[in-house]
Amino acid sequence: MRNAWLSAVIVAVSLVALGTQFWVVSRTGFSVGDFRAFYCAAKVTAEHHNPYLTEPLRTCEVNAGGSMEFFKHYPGVTIPAPLPGYVLAGVIPLTFLSFQMAAVIWVIISLLACIVAVVTVARFAGVPWQVALAAFSLSVGVLSVGFGEVVPICIACICLSAYFVWVGNWNGAAIAAAGSLIEPHLGLPAALAVFLWLPRARLILVSLAGLLAAVSIVALGLRTNMDYFTSVLPAHVLSEIFRDTQYSLTEFLVSLGTPLRLAIEAGSIWYVAMIGIGLVVGHRLADRTSNRAFLVCVPPAFAVLGGTFIHATQIAAALPAAMLLAGYATTRAKTACVIALLALSVPWGWSASPAFIAAPVIPVGFLAWCYWQDLRATIIAAIVAASIALSVIALGRGPFQGLHTTAISIDKRLAESSWGEFTQTTARHDAVAWIVRIPTWGGLILLLSILAQEAQRTRRRQHLSARASPDTA
């Protein structure tokens, strides 16, 4: 890049923010907390027990090792692992190690996944790797790795599938799309795109789907797999219906007083409809730009707008589509697309971290400079980012003003029962919890609007390169 020191700054900020987040999360006792649930669920599965029930999952989580601060603060809570059987089976090899060693390996895998996402997006979107890093550093690396989530792996697989589609490697695209099903509701849109629009990839994708189903049945049995869809997933929806990190339409409707069943049905229908729209828009953009990566990148971007189970960590699935579109959009649309990218690259609800004040400023300013090459625009973008960060912190310290809440009832045998009580107790239940989501939702709506608008253009813009990028080289 022209300014090598800027590259060093963005790398340093990413590493410092990641380290700070690890420190903050460790103080709460939830360091790689989600992985603790995955680890124990896999261990329970290997011992031929039901990993979705409270016991023996809770006993394993409490005795796994590492920090026990979370369980001291919230005794009786079980962290659920609502992942399909094939994912739990894949984690079983790590259970032969101590939890601490397995957690280190999981973090390394997650960081490698972040690198894969950065490198592949840089290739098919035609942007410098520094731009991809700035977009993903907070939204994927910092936000997810410390909690031990599967999101980085899922997003890496989506990006890898898009890359393989871009280069015409159909088998690779199918394998990566199947890998994205490690988080089914996030990877499903990408897998459907590969199946629907790439006939030569269908056989291997269907074969892999069949293999994953077979692994699930062998690992858990047919009855437990049926219960997973009929009992566990509905219970998990209920258990997180009030969680502050939720971005689902269902949670929003419930907070407004909509009956629970109606809100869940509306959210599910919305999720399916958004995937359908994303599949069509992605196909049209791929046709009009001759860049087939749109096929895989666009559907997940639509799915995360109010989709089922969508959390703050999964919003980053929209970033590949934003970076890709920025290289093809017309001048006016590109400006709006970059604004959407800036809004989505920061998890604005991440107010618990002391790095929150400073961390968003540099990535946002860096991205603004790379795309616009205008000092005034860069300074304005950085000031806006700092202002939003400070506003979120100020709002977070304000008094609670309760919104509508609904009593929930979950089968006590399921891990989601105690988890639902925990999330409902620790959530704000007030307008502030929704106000902090506005920048993210605004960025998403803006991005999807531009994607749909650009897909409607009938004239192929052949003067744009398939490797168009900001002038930062």
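The legends below describe close-up views of a predicted model.

Residues are numbered from 1 along each chain as its sequence is written, and side-chain values use heavy atoms, with hydrogens and water left out. Because the model is predicted, local features need pLDDT of at least 70 and side-chain atom pairs count only at pLDDT 80 or more, whereas totals for chains, interfaces and linings use all residues.

**View 1. Packing of helix α7 against helix α18.** Helices (H or I, at least four residues) are DSSP runs numbered from the N terminus. The axes of α7 (residues 129–145) and α18 come within 9 Å and cross at roughly 150°. That angle makes α7 roughly antiparallel to α18. Axes are lines fitted to C-alpha atoms, for helices over the stretch in contact, and angles run from 0 to 180 degrees between N-to-C directions. Angles under 35 degrees count as roughly parallel, over 145 as roughly antiparallel, 65 to 115 as roughly perpendicular and the rest as oblique. The crossing of α7 and α18 is left-handed; a crossing has this hand if the near helix is turned anticlockwise from the far one by less than a right angle, and is right-handed if clockwise. On the α7 side, Gln130, Val131, Ala134, Ala135, Ser137 and Leu138 make contact (heavy atoms within 4.5 Å) with Pro363, Phe366, Leu367, Cys370 and Tyr371 of α18. By class, the contact of α7 with α18 has nine nonpolar, two polar and no charged residues. Ala, Val, Leu, Ile, Met, Phe, Trp, Tyr, Cys and Pro count as nonpolar, Asp, Glu, Lys and Arg as charged, and the others, Gly among them, as polar.

**View 2. Helix α18 and the residue that follows.** Helix α18 covers residues 361–372, and its twelve residues should span 16 Å at 1.5 Å a residue, which agrees with the 16 Å between its end C-alpha atoms. The expected span is 1.5 Å times one less than the number of residues. Pro363, Val364, Gly365, Phe366, Leu367, Ala368, Cys370 and Tyr371 of α18 are buried. Here buried means under 20% relative accessible area, exposed over 50%, and partly exposed in between (1.4 Å probe, protein chains only). Cys370 has a relative accessible area of 1% and is therefore buried. Between Cys370 and Ala358 there are 19 Å in space, C-alpha to C-alpha, and the two are twelve residues apart in sequence. Just after α18, Gln373 takes a positive phi of about 50°, although Gln373 is not a glycine. Gln373 belongs to the loop between α18 and α19 (375–396) and, at 28% relative accessibility, counts as partly exposed.

**View 3. Packing of helix α12 against helix α20.** Helix α12 (residues 222–239) and helix α20 (residues 416–426) have axes that come within 8 Å and cross at roughly 15°. The two helices are therefore roughly parallel to each other, and their crossing is right-handed. Val232, Ala235, His236 and Ser239 of α12 meet Glu416, Trp419, Gly420 and Thr423 of α20. The residues of this contact divide into three nonpolar, four polar and one charged.

View 4. Helix α14 (residues 260–289) and helix α22 (residues 438–455) pack at an angle of about 50°, their axes 8 Å apart. This angle makes α14 oblique to α22, and the crossing is left-handed. From α14, Met274, Val281, Arg284, Leu285 and Arg288 meet Leu448, Leu451, Ala452, Glu454 and Ala455 from α22. Seven nonpolar, no polar and three charged residues form this contact of α14 with α22. In the loop between α14 and α15 (293–303) lies Ser290, which has a positive phi of about 65° although it is not a glycine. Ser290 counts as exposed, at 51% relative accessibility.

**View 5. The surroundings of Gln246.** Gln246 is placed in the loop between α12 and α13 (249–255). At 3% relative accessibility, Gln246 counts as buried. Not counting residues up to four places away in sequence, Gln246 touches Glu240, Glu251, Phe309, Ile310, His311 and Arg437.

**View 6. The covered helix α16.** Helix α16 (residues 319–326) is mostly covered, with eight of its eight residues buried. These are Leu319, Pro320, Ala321, Ala322, Met323, Leu324, Leu325 and Ala326.

**View 7. The cis peptide bond at Pro56.** Glu55 and Pro56 are joined by a cis peptide bond with omega of about 10°. Pro56 has its place in helix α3 (residues 54–63).
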